[in-house]
Amino acid sequence: MKKKILIVDDQYGIRILLNEIFQKEGYQTYQAANGVQALSIVKSEDPDLVILDMKIPGMDGLEILKRIKKMEARALVIIMTAYGELDMIHEAMDLGAITHFPKPFDIDEITDAVKKELSKIS
């Protein structure tokens with residue numbers, strides 16, 4: 001079975017870019033523009049990995065991350081933040097995020113990190 005990736009970002013262009021890249025890599029992808037959509041997809045699809053933007057209107061990335069962990073979802077979480085949001089990065093890592101990428105991100109770095117993390121799970 002294909003590994004599942006959920007991309008959570010309120011910026012349409014970023015979701016489309018990451019979606020295309022990870023589909024080409026052979027992953028099953030899902031997209032969410034906000035926290036409600038993201039949590040619904042986590043519940044129904046049980047993704048292997050979530051790429052989560054921290055700055056989302058409404059429910060921010062930290063709240064989404066807390067709720068994903070509360071659901072006991074198995075998903076690994078990689079966060080994306082703008083430069084300089086160190087407090088948010090530390091809190092997200094404490095909550096169980098596996099790594100983070102600054103925005104704008106290097107597409108090769110994020111792809112390599114996803115491949116590396118997903119190769120660890122069966």
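A search of the whole structure turns up nine salt bridges, each being a side-chain nitrogen of Lys or Arg within 4 Å of a carboxyl oxygen of Asp or Glu. Bear in mind that this is a predicted model, where local features need pLDDT of at least 70, side-chain atom pairs count only at pLDDT 80 or more, and totals for chains, interfaces and linings use all residues. Residues are numbered from 1 along each chain as its sequence is written, and side-chain values use heavy atoms, with hydrogens and water left out.

| Salt bridge | N to O distance |
|---|---|
| Asp-46 and Arg-74 | 2.8 Å |
| Asp-53 and Lys-103 | 3.3 Å |
| Glu-63 and Arg-67 | 2.8 Å |

Take Asp-46 and Arg-74, which meet in a salt bridge. This pair links distant parts of the chain, 28 residues apart: Asp-46 sits in the loop between α2 and β3, Arg-74 in the loop between α3 and β4. (Helices here are DSSP runs of H or I with at least four residues, strands are runs of E with at least two, and both are numbered from the N terminus.) Asp-46 is partly exposed at 30% relative accessibility, and Arg-74 is partly exposed at 47%. The cut-offs are under 20% relative accessible area for buried, over 50% for exposed and partly exposed in between, using a 1.4 Å probe and protein chains only.

Asp-53 pairs with Lys-103. Asp-53 belongs to strand β3 and Lys-103 to strand β5 (residues 99-103), so their bridge ties together parts 50 residues apart in sequence. Both Asp-53 and Lys-103 are buried, and together with Asp-9 they are linked in a network of salt bridges.

Glu-63 and Arg-67 stay within helix α3, four residues apart, or about one turn of the helix. Glu-63 is partly exposed at 28%, as is Arg-67 at 37%.

Now for helix α2 (residues 35-45). Its buried residues are Gly-35, Ala-38, Leu-39, Ile-41 and Val-42. An α-helix has 3.6 residues a turn, so residues three or four places apart point the same way. The buried residues of α2 pack against β1, β2 (28-32), β3 (49-53) and α3 (61-70), while Val-36, Lys-43 and Ser-44 are exposed on the other side. Just after α2, Asp-46 takes a positive phi of about 50°.

What about strand β1 (residues 4-8)? Ile-5 is found there and counts as buried because its relative accessibility is 0%. Beyond its neighbours within four places in sequence, Ile-5 is in contact (heavy atoms within 4.5 Å) with residues including Phe-22, Tyr-30, Ile-51 and Leu-118. Among the contacts of Lys-4 is Asp-46.

Finally, the nonpolar cores, meaning sets of buried Ala, Val, Leu, Ile, Met, Phe, Trp, Tyr and Cys residues joined through side-chain atoms within 4.5 Å. Of the 24 residues in the largest one, Leu-6, Val-8, Val-50, Leu-52 and Ile-64 touch the most other members. At least two residues of this core come from each of β1, β2, α2, β3, α3, β4 (76-82) and α4 (86-94). A second, separate core of 17 residues includes Ile-14, Ile-51, Met-80 and Phe-105.
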